[in-house]
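Let's take a walk through this structure, a few spots at a time.

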Amino acid sequence: MSEIRTTLITGGNSGIGEALARKLVERGQRVVSVGLEKPDWTHDLLAAYRADLTSIEETREIAQEICRDHVVDRLVHNAGVILPNLLPDAKPEDIVMLAQLHLGAPMLLTQAALEGMRARRFGRIVFVSSRAAMGAATRSAYSATKAGVHGMARTWALELAASGITVNVVAPGPILTDNFWGIIPKGSEQQERMARNVPVGRLGSREDVAHAIEFFLDERSDFVTGQVLYVCGGTSLVGLGP
């Protein structure tokens, strides 16, 4: 990544988004973070905005503001919520909310940045999805909307390829983040059992996923588009067991 680019990261204040943001600014790249909270750290190359991306109007407004203030070359849609429930307790309202967060928000942000990307004939769009898109217990709303991400990314890849814009997906497996620990108690036997069920023998880190995202963001990755890369320690092949 020799040329200085600006990368918009949703959920850049924590977890995978924060790990990626730190990597990029360390490499001299500009980063714009947007999410419910601003990062708790600062850098000359980091700009931060606060917005509720589950709100269509709020997302539309912040997308226009960011693209007025910055030349957005690359967009990483990392923000996500799980909302786990077994089927008897699952709510249609959860599907509506997650459809906006996982699908509607990146659509509005990309639309705002698209004219500039097309004019420069360069753009990188990366979705952070999940291995759960293949199906996982308690993930009705989450799995459905993350699977939708894959279809939308492939559609955009076809529509935008001729403009020099690539669209790809990184689908993490079990990654040690606050989202993970919100469901699996930190340091618990459940966490240890899950790690043993991962073929590579460990749970993933934020940096594992950030590294994969960086590959898709790289200017040299212009012949790779419409792809889903599972960063999951092999769990896309065998699941996570009981």
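Leu83 sits in the loop between β4 (74–77) and α3. Helices (H or I, at least four residues) and strands (E, at least two) are DSSP runs, numbered from the N terminus. Before going further, note that this is a predicted model, where local features need pLDDT of at least 70 and side-chain atom pairs count only at pLDDT 80 or more, while totals for chains, interfaces and linings use all residues. Residues are numbered from 1 along each chain as its sequence is written, and side-chain values use heavy atoms, with hydrogens and water left out.

Most residues other than glycine have a negative phi. Thr138 also has a positive phi, near 75 degrees, and is likewise a residue other than glycine. You'll find Thr138 in the loop between β5 (123–128) and α4.

Gly28 belongs to the loop between α1 (15–26) and β2. Leaving aside neighbours within four places in sequence, Gly28 is in contact (heavy atoms within 4.5 Å) with Ile4 and Leu45. Glu57 is another matter: 29 residues separate Gly28 and Glu57 along the chain, and their C-alpha atoms are 33 Å apart.

| Residue | Relative accessible area | Class |
|---|---|---|
| Gly28 | 25% | partly exposed |
| Leu83 | 28% | partly exposed |
| Thr138 | 25% | partly exposed |

**A covered strand**

Now for strand β1 (residues 6–10), which is mostly covered: five of its five residues are buried. On one side there are Thr6, Leu8 and Thr10, on the other Thr7 and Ile9, and both faces are covered. β1 pairs with strand β2 (residues 30–35) in the parallel sense, over five bridges; two strands pair if DSSP finds at least two bridges between them. Within this pairing, Leu8 stands opposite Val32 in β2.

**Two helix pairs**

Helix α3 (residues 92–120) packs on helix α4 (residues 140–160) at an angle of about 20 degrees, with the axes 9 Å apart. Axes here are lines fitted to C-alpha atoms, for helices over the stretch in contact, and angles run from 0 to 180 degrees between N-to-C directions. α3 and α4 are therefore roughly parallel to each other. Angles under 35 degrees count as roughly parallel, over 145 as roughly antiparallel, 65 to 115 as roughly perpendicular and the rest as oblique. Residues making the contact include Leu98, His102 and Leu114 of α3 and Tyr142, Met152 and Trp156 of α4. By class, the contact of α3 with α4 has 13 nonpolar, four polar and four charged residues. Ala, Val, Leu, Ile, Met, Phe, Trp, Tyr, Cys and Pro count as nonpolar, Asp, Glu, Lys and Arg as charged, and the others, Gly among them, as polar.

What about α1 and helix α7 (residues 206–217): at what angle do their axes cross? Roughly 60 degrees, with the axes coming within 8 Å. α1 and α7 are therefore oblique to each other. Among the residues in the contact are Ile16, Leu20 and Lys23 of α1, along with Val209, His211 and Ile213 of α7. The contact of α1 with α7 divides into eight nonpolar, two polar and five charged residues.

Note on methods
Buried means under 20% relative accessible area, exposed over 50%, partly exposed in between (1.4 Å probe, protein chains only).
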